[in-house]
Amino acid sequence: MEPPCWWVGMKTPLQLMLYGNDLKGAEVVAKGDHREVHVSRIHQADSPNYLFVDIEIGRNALPGLYEFEVKREGETCSFSYSLQERRPGSAERTGFSAANLIYLLFPDRFSNGKPEIDHTPDTIEKVNRKKPYARHGGDLYGVMDHLDYLASLGVTTLWLTPPQLDNEKKESYHGYACADYYRIDLRLGDNDLYKELVAEAHQRELKVIMDAVPNHCGTAHWWIKDLPFKDWVHLPEKRDRIVRSNYRLATITDPNSARINRLHTVNGWFDKMMPDMAMENPYVLRYFLQLYIWWIEWADLDGLRVDTFPYNNKEGIARWTRRILEEYPHLTIVAECWHSSPAIVAYWQGGFRNSDGYSSFLPSVMDFPLQEALSEGLAVDSKEWMEGINRIYEALALDFLYPDAKSLMIFLDNHDIGRFADSVKGNTGKIKMGITLLATLRGIPQLYYGTEFGFRSGDPSAGHGEARIDFPGGWKEDRKNLFTGKLISKEEKEIYDHTRKLFTWRKTAKAIHTGNTTHFLPVENTYGYFRYTDDEAVFVFLDPTRKEHRIDWHYFTECLEGYTYGINILTDEKIEIGREYKVPIHSSLVIELYRG
């Protein structure tokens, strides 16, 4: 029976999915005289083992246990269903914004707080830390053990890769092939522990967002052997011939695209172990709508990150987004819309005036074009127009395409791409410059676990498993412990201190949270820009070159009027505006400006 419980006072109506042996034709009725809670309609599925039951919950319904009977051909069984009271102010909960720093981590690769749950009778894959694509044993206990570490780093929001059960025979550590959407993976903890983690995070003023995956489930999901409807997932004509997506998002936005290509993009399986959900089926849409509203309400979440958003039926996923935001108007939903073109990414942010009239209703999308520019721009020292730091300037020059560039999620790296430190060949100065950009550019910054130490892939050519490395110190047997600083290298400490200093300062830097941007054409592959409001201003200058440069104060005159000095927040040094100042190679300045 899903959802396992619901709440009174919700805008979203309740539809129970009942699963049992031969339910076809069964009647479901509420027991007792409960005028405010009753069955309004029963929907038959293609499989005889499912019923979809609409439960009418009146405005005056009270929290409590309600009894229902299922009757079929003289047989009767009963079940209790809990309607709970909502938290005060639940509908008005506030999501995350550019004032926050999001920290992305794999629970399986972060810290093993309870080794005794590494293996369970109900799960298949076992722990083997020697194999990069196997489970490594990290869990929610480990995340809870290090919430203080995260808070002290300047993190304000946690994004965990999906914690629900992934029970594939191999590569089940990432959580994106779900086997039970309402159940936390037992090798990570359980539902109550997840709720406790969120509560503990909130006590430290840390928000928590869930990684939502409505586009696909895993082949190990219990419903795959008995689908409710024939079109519950997109099945190939022959089950042994899985058709994977062509991954060409341009086919969805292209007004000239052939229908067969669009369908291949959207209806193809994302991977051979990930059956594609048919979001155009209203029961599938209703299922996933209730699912994530249930998790938000039950665990007290602060937002959602949506995986592979454009690969869903686009009308269905837009209705899903709109209806979640009708329930929680101030919640933040950010979606992965992975493409190198800002025009295609902009199509998916809510508020964009698309020529076809489509709106996703999304408050935020992930800024992959800027991520590519940051990695490529800092990787080479070039003065060419579309290379070096110019690459970053040109990416930001396209902000006019977005309905709200300040609400984009920006990042140097994440779980699906290579480590940023690999792209700059481990250069400590360039890693620090990347973090400076992440902390001071427009948008909502997301930091990938370990980037605060300059993590590099074990073998960049070997794929995701080598990039998704364990956090040293998260396992009792680890000699090195970056949580405590044991055996930390000079370079790692330098990057960590830089990160912590920037993001601790950033918490109160309103010019960064809400300010406008003025940036100047790069000169000699150096780059300067200003973030400012009416009351505050911050000057950022980067020198990724191999030689020392002087700041040309005259070049930046239009943004310096009235300011006489600044404080470099990285060194606490006072800098006089107009006085000669040399910037070391491979370094950055972040200067709070002051008048008089």
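Me: Is the crossing of H10 past H11 left-handed or right-handed?
Reply: This is a predicted model. Helix H10 covers residues 368-379, and helix H11 covers residues 389-396. Where H10 passes H11, the crossing is left-handed.

Me: Are H10 and H11 roughly parallel or antiparallel to each other?
Reply: The axes of H10 and H11 lie 7 Å apart. The angle between these helices is about 160 degrees. An angle over 145 degrees counts as roughly antiparallel. H10 and H11 are therefore roughly antiparallel.

Me: Which residues in H11 meet H10?
Reply: H10 brings Leu370, Glu372, Ala373, Leu374, Glu376, Gly377 and Leu378 to this contact. In H11, they meet Ile389, Arg391, Ile392, Ala395 and Leu396.

Me: Which backbone oxygen does the side chain of Gln371 reach?
Reply: Gln371 lies in helix H10. Leaving aside neighbours within four places in sequence, Gln371 is in contact with Phe411, Leu412 and Ile417. At 3.2 Å, its side chain reaches the backbone oxygen of Leu412.

Me: Is Gln371 buried or exposed?
Reply: The relative accessibility of Gln371 is 8%. Buried means under 20%. Gln371 therefore counts as buried.

Me: What span is expected for helix H7 at 1.5 Å a residue?
Reply: H7 runs over residues 282-299, which makes 18 residues. From first C-alpha to last, H7 reaches 26 Å. That is close to the expected span of 26 Å.

Me: How many of the residues of H7 are buried?
Reply: H7 is mostly covered. Of its 18 residues, the number buried is 17.

Me: Which residue has a side-chain oxygen that reaches a backbone nitrogen at the start of H7?
Reply: The backbone nitrogen belongs to Tyr283. A side-chain oxygen comes to within 2.8 Å of this nitrogen. That oxygen is from Asn281.

Me: Is the crossing of H7 and H8 left-handed or right-handed?
Reply: Helix H8 covers residues 314-327. H7 and H8 pack at an angle of about 35 degrees, with axes 10 Å apart. Their crossing is right-handed.

Me: Which residues of H8 make the contact with H7?
Reply: H7 contributes Leu285, Arg286, Phe288, Leu289, Tyr292, Ile293 and Ile296. H8 contributes Gly316, Arg319, Trp320, Arg323, Ile324 and Glu327.

Me: Is Thr308 buried or exposed?
Reply: Thr308 lies in the loop between strand S13 (303-306) and H8. Its phi is near 40 degrees, a positive value in a residue other than glycine. At 1% relative accessibility, Thr308 counts as buried.

Me: Is Glu73 buried or exposed?
Reply: Glu73 sits in the loop between strand S6 (64-72) and strand S7 (75-84). Its phi is positive too, near 50 degrees. The relative accessible area of Glu73 is 72%. Exposed means over 50%, so Glu73 is exposed.

Me: What is the omega of the peptide bond from Glu2 to Pro3?
Reply: Pro3 is in the segment before strand S1 (6-7). The bond from Glu2 to Pro3 is cis. Its omega is near -5 degrees.

Me: How far apart are the end C-alpha atoms of helix H13?
Reply: H13 covers residues 428-440, a run of 13 residues. At 1.5 Å a residue, H13 should span 18 Å. The distance between its end C-alpha atoms agrees, at 19 Å.

Me: How many residues of H13 are buried?
Reply: H13 is largely enclosed by the rest of the structure. Gly429, which lies in H13, counts as buried at 14% relative accessibility. Of the 13 residues of H13, the number buried is 13.

Me: Which residue has a side-chain oxygen that reaches the backbone nitrogen of Gly429?
Reply: This contact is at the start of H13. The oxygen reaches to within 3.0 Å of the nitrogen. The residue is Asn427.

Me: What distance separates the C-alpha atoms of Gly429 and Arg500?
Reply: Along the chain, Gly429 and Arg500 are 71 residues apart.

Me: With which residues is Cys559 in contact, leaving aside its neighbours within four places in sequence?
Reply: Cys559 is found in helix H17 (residues 557-560). Cys559 is buried, with a relative accessible area of 15%. Its contacts beyond those neighbours are Thr518, Phe520 and Phe530.

Key
Residues numbered from 1 in each chain as written. Predicted model: local features only at pLDDT ≥ 70, side-chain atom pairs only at ≥ 80, totals over all residues. Heavy atoms only, no water. Helix = DSSP H or I, 4+ residues; strand = E, 2+ residues; numbered from the N terminus. Expected span 1.5 Å × (residues − 1). Buried < 20%, exposed > 50% of the residue type's maximum accessible area, 1.4 Å probe, protein only. Polar contact = N/O pair within 3.5 Å; in protein donor to acceptor, adjacent residues only side chain to side chain. Axes fitted to C-alpha atoms, helices over the stretch in contact; angles between N-to-C directions. Parallel < 35°, antiparallel > 145°, perpendicular 65-115°, else oblique. Left-handed = near helix turned anticlockwise from the far one by under 90°. Contact = heavy atoms within 4.5 Å.
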